[in-house]
Amino acid sequence: MSRTVMCRKYQTELEGLDRAPFPGPKGQDIFEHVSKKAWQEWLHEQTMLINEKHLNVMDPQAKVFLDEQRDRFLNNENYEKAEGYTPVAHDANK
């Protein structure tokens, strides 16, 4: 049976992560308070930011930027989105 968490982003009980996404207090906090759904959405957003802004994830400044954006995203605050990205509209009739 999967575990549930009170998701910080969605403010409802949702399936939790299987393990902390990275070591340390921040990873533990995400494990305890962020749903699998919200984390997967963040990973998608992060990938778009890395690609759009040509970030080098080994650069300490890029890591700080991504950490800030992750916290904002998961806390439902304004965060920097990939410029020029337009979500694909799904046809409701399909």
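# Notebook: loops, salt bridges, core and pocket

His54 is in the loop between α2 and α3. I started there, keeping in mind that this is a predicted model. I looked up the backbone angle next: His54 has a positive phi of about 50 degrees, although His54 is not a glycine. Is His54 buried or exposed? Its relative accessible area is 70%, so His54 counts as exposed.

Gln11 is not a glycine either, and has a positive phi of about 55 degrees. Gln11 sits in the loop between β1 (4-6) and β2. With a relative accessible area of 54%, Gln11 is exposed; the cut-off for that word is over 50%.

**Salt bridges**

How many salt bridges does a search of the whole structure find? I got seven, and I wrote up some of them.

Lys36 and Glu15: their side chains meet in a salt bridge, 3.1 Å from N to O. Lys36 belongs to helix α2 (residues 36-52) and Glu15 to strand β2 (residues 13-15), so this pair ties together parts that are 21 residues apart in sequence. Lys36 comes out as partly exposed at 25% relative accessibility. Glu15 is partly exposed too, at 36%.

Glu80 and Lys53: here the side chains meet in a salt bridge of 2.9 Å, N to O. Glu80 is in the segment after α3 (60-74) and Lys53 is in the loop between α2 and α3, so the pair links parts that are 27 residues apart in sequence. For Glu80 I noted 33% relative accessibility, which counts as partly exposed. Lys53 is partly exposed as well, with a relative accessible area of 24%.

Asp71 and Arg70: the closest N and O atoms of this salt bridge are 3.6 Å apart. Asp71 is partly exposed at 25%, whereas Arg70 is buried at 7%. Which residues do salt bridges with shared partners join into one network? I listed Lys26, Asp67, Arg70 and Asp71.

The largest nonpolar core holds 15 residues, and Ile30, Val34, Trp39, Trp42 and Leu74 have the most contacts inside it. α1 (25-33), α2 and α3 each supply at least two residues of this core. The biggest share comes from α2, with five residues.

I then followed up Trp39. Leaving out residues up to four places away in sequence, Trp39 touches Leu17, Pro21, Phe22, Ile30, Val34, Arg70 and Leu74. That list includes Arg70, the partner of Asp71 in a salt bridge.

**The largest pocket**

Last stop: the largest pocket, with about 180 Å³ of space. Its lining includes Trp39 and Trp42, along with Pro21, Phe22 and Leu43. Asp67 and Arg70 line the pocket as well, and both are in the salt-bridge network.

Which helix gives the most to the lining of the largest pocket? I found α2, with five residues. Both α2 and α3 supply at least two residues each. By type, the lining has eight nonpolar residues, one polar and three charged.

Methods
Residues numbered from 1 in each chain as written. Predicted model: local features only at pLDDT ≥ 70, side-chain atom pairs only at ≥ 80, totals over all residues. Heavy atoms only, no water. Salt bridge = Lys/Arg side-chain N within 4 Å of Asp/Glu carboxyl O. Helix = DSSP H or I, 4+ residues; strand = E, 2+ residues; numbered from the N terminus. Buried < 20%, exposed > 50% of the residue type's maximum accessible area, 1.4 Å probe, protein only. 1 Å grid on protein atoms, 1.4 Å probe; cavity = no way out; pocket = protein on both sides within 12 Å on 5 of 7 lines; lining within 4 Å. Points joined across faces, edges and corners; volume = space filled by probe spheres on them. Nonpolar A, V, L, I, M, F, W, Y, C, P; charged D, E, K, R; others polar. Core = buried A, V, L, I, M, F, W, Y, C linked by side-chain atoms within 4.5 Å. Contact = heavy atoms within 4.5 Å.
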